[in-house]
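Morning, everyone. I have one structure to show, and a few minutes to talk about it. Please look at the screen.

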Amino acid sequence: MLVGYSSSSEEENESVSQASATNNDKSNRHEGTCKKSEDDDGDDDRSCSARKRLKTEEEQAPKTRLPVPMSLLAMFPDEEDKLTEDSSCHGGRLRSFKHERGNWSTYVYFPYFPDEEFMNLLEELLMVVKTRGVALTKQEEFHLSLSQTVVLRHHWIQPFTQSLREGLAHCNRFVCSAGRLKVYSNAERTRTFLGMEVSTAHTQLLELVRVVDRTMKEFRLDIFYKDPSFHVSLAWCVGDVTEQIKECLQELQTLVDDHEEGTFLLRLDCRELRCRAGNKTFSFPLSNSL
């Protein structure tokens with residue numbers, strides 16, 4: 001053991017000696033170079049200093065970034081940007097809740113597809129209201145709401161609509177009608193509506209509301225009104241002008257009741273319930289079984 005240990009030590013000493021010799025040789029060469037530099041004329045010294053100064057300036061110079069192409073910037077919009085809340089872009093209407101990226105305005109409804117007779121009657125109604133100093137704007141689309149407008153997160157859309165589909169699977173289609181005019185306003189009283197109230201099929205509509213409400217509760221969203229007045233909104237205006245329209249409501253109702261072909265009834269074929277979430281629309285056909 002002792003011999004082996006001594007042998008190893010000798011090898012280490014030999015390696016150290018060789019390394020020392022190598023280092024001394026490098027040192028001597030370096031000294032020779034320095035001595036040679038000292039013996040060179042002043043031009044070489046100035047050239048060496050200039051190269052060192054140029055290298056230092058290059059290292060200290062700020063790095064210039066190339067501009068990112070606009071086509072790439074457009075692919076990744078800044079999440080801090082806020083969508084414009086300019087009410088003039090949508091007829092002066094104000095949001096009931098602040099828009100946030102990833103939130104989807106959502107409601108459940110039956111669509112109503114107007115015919116020529118309905119549109120002619122609506123024009124007459126708007127002319128009468130206009131003579132009272134109120135300018136109403138026709139609805140772009142007509143529908144019968146079965147929910148409040150709620151805020152739905154984007155990743156909830158699929159499970160939300162799936163829950164509705166499962167709940168509505170055994171609900172039957174039916175027909176309802178409306179013929180009585182009524183004035184409505186939103187909760188904030190920032191908009192006023194002229195609507196036509198539904199007078200039939202309340203039992204079927206309430207059953208559908210219970211199904212929709214179950215899904216709303218599942219996602220902790222607001223359910224429908226406790227004592228709803230089912231109606232189809234015909235026209236609207238900004239502000240609370242409820243009293244002004246009520247003053248001519250009887251005259252408007254007379255136009256409906258004394259229509260040229262008899263009392264006008266707005267009829268909805270409730271065979272397909274829909275859910276609109278942002279710009280997406282989902283359809284839920286009701287059963288045809290008796």
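This is a predicted model: local features need pLDDT of at least 70, side-chain atom pairs count only at pLDDT 80 or more; totals for chains, interfaces and linings use all residues.

Let's take the strands in order. Strand β5 covers residues 174-185. β5 and β6 run antiparallel, and seven bridges join them. Now the hairpin of these strands. Five residues lie between β5 and β6. Look at Arg189 there: its phi is positive, near 55 degrees.

Next, the other pairing. Strand β7 spans residues 231-238. Seven bridges connect β6 to β7, and again the two run antiparallel.

Now zoom in on one residue of β7, Ala235. Is Ala235 buried or exposed? Its relative accessible area is 0%. Buried means under 20%, so Ala235 qualifies.

What does Ala235 touch, leaving aside neighbours within four places in sequence? Its contacts include Thr192, Phe193 and Leu194. Leu126, Leu136, Thr137, Lys138 and Gln139 are also in contact with Ala235.

One last distance. Glu141 and Ala235 are 94 residues apart in sequence. In space, C-alpha to C-alpha, the separation is 10.0 Å.

That's my tour. Over to you.

Definitions and conventions:
Residues are numbered from 1 along each chain as its sequence is written. Side-chain values use heavy atoms; hydrogens and water are left out. Two strands pair if DSSP finds at least two bridges between them. Helices (H or I, at least four residues) and strands (E, at least two) are DSSP runs, numbered from the N terminus. Buried means under 20% relative accessible area, exposed over 50%, partly exposed in between (1.4 Å probe, protein chains only). Contact means heavy atoms within 4.5 Å.
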